[in-house]
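Me: I have a structure to look at for class. Could you go through it with me step by step?

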Amino acid sequence: LWCNVSFASCYEAMITTPTPFMGNHGEIFELDDGTIWEVQFEYEYLYEYYPTVIVCPSEGIIAVSDEQIDVIQLR
């Protein structure tokens with residue numbers, strides 16, 4: 001998926017809210033593990049409903065629909 005990411009620190013999760021997930025700057029979303037994240041500096045307009053994502057907290061990114069999105073964890 002990405003050549004510069006260590007998959008050991010990544011995990012799979014599903015975005016539960018909002019629906020649809022857009023992937024735009026400032027959007028706050030919750031994963032099915034209860035963590036809360038915010039999209040940073042991205043404008044993807046994905047319109048994804050409950051997408052499964054790869055979350056890499058140590059890298060500050062998620063992968064959704066073949067897109068790499070910068071995020072920060074809020075909780």
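**Burial, fold and a disulfide**

Reply: Of the 75 residues of the chain, 41% count as buried. Please keep in mind that this is a predicted model.

Me: OK. How many helices and strands does the chain have?

Reply: The chain has 0 helices and 6 strands. Read from the N terminus, the order of elements is β-β-β-β-β-β.

Me: And what do the strands form?

Reply: They make a closed barrel of 6 strands in the order S1-S2-S3-S6-S5-S4, with antiparallel pairing. On average, neighbouring strands of this sheet are turned by 45 degrees against each other, with direction ignored.

Me: What holds paired strands together in general?

Reply: Strands of a sheet pair through backbone hydrogen bonds, and the pairing is either parallel or antiparallel.

Me: Take S2 and S3, then. How many bridges do they pair over?

Reply: Strand S2, residues 28–31, and strand S3, residues 36–39, pair over 3 bridges in the antiparallel sense. Within this pairing, Glu30 stands opposite Ile36 in S3.

Me: What about Phe29, buried or exposed?

Reply: Phe29, which lies in strand S2, has a relative accessibility of 1% and therefore counts as buried, the cut-off being under 20%.

Me: Which residues is it in contact with, leaving aside its neighbours within four places in sequence?

Reply: The contacts of Phe29 include Ile15, Phe21, Ile36, Trp37, Val39, Ile62 and Val71. Thr17, Pro18, Thr35 and Glu38 are also in contact with Phe29.

Me: Changing topic: how many disulfides are there?

Reply: The structure holds 1 disulfide. It joins Cys10 to Cys56, with an S to S distance of 2.0 Å. Cys10 lies in the segment before strand S1 and Cys56 in strand S4, so the pair ties together parts that are 46 residues apart in sequence.

Me: Why is it called right-handed?

Reply: The torsion about the S-S bond of Cys10 and Cys56 is about 110 degrees, and the disulfide is therefore right-handed. Both Cys10 and Cys56 are buried.

Me: Last topic, the whole chain. What is its radius of gyration?

Reply: The chain has a radius of gyration of 11 Å, which agrees with the value near 11 Å for a compact globule with 75 residues. Its C-alpha atoms fill a box of roughly 30 × 25 × 20 Å along the principal axes.

Me: And the accessible surface? How much of it belongs to carbon and sulfur atoms?

Reply: The accessible surface of the chain comes to about 4200 Å², and 51% of this belongs to carbon and sulfur atoms.

How values were computed:
Residues numbered from 1 in each chain as written. Predicted model: local features only at pLDDT ≥ 70, side-chain atom pairs only at ≥ 80, totals over all residues. Heavy atoms only, no water. Pairing = 2+ DSSP bridges. Helix = DSSP H or I, 4+ residues; strand = E, 2+ residues; numbered from the N terminus. Axes fitted to C-alpha atoms, helices over the stretch in contact; angles between N-to-C directions. Rg over C-alpha atoms; globule rule 2.2 N^0.38 Å. Buried < 20%, exposed > 50% of the residue type's maximum accessible area, 1.4 Å probe, protein only. Areas by Shrake-Rupley, 256 points an atom, 1.4 Å probe, with all protein chains shown as cover. Contact = heavy atoms within 4.5 Å. Disulfide = S-S within 2.5 Å.
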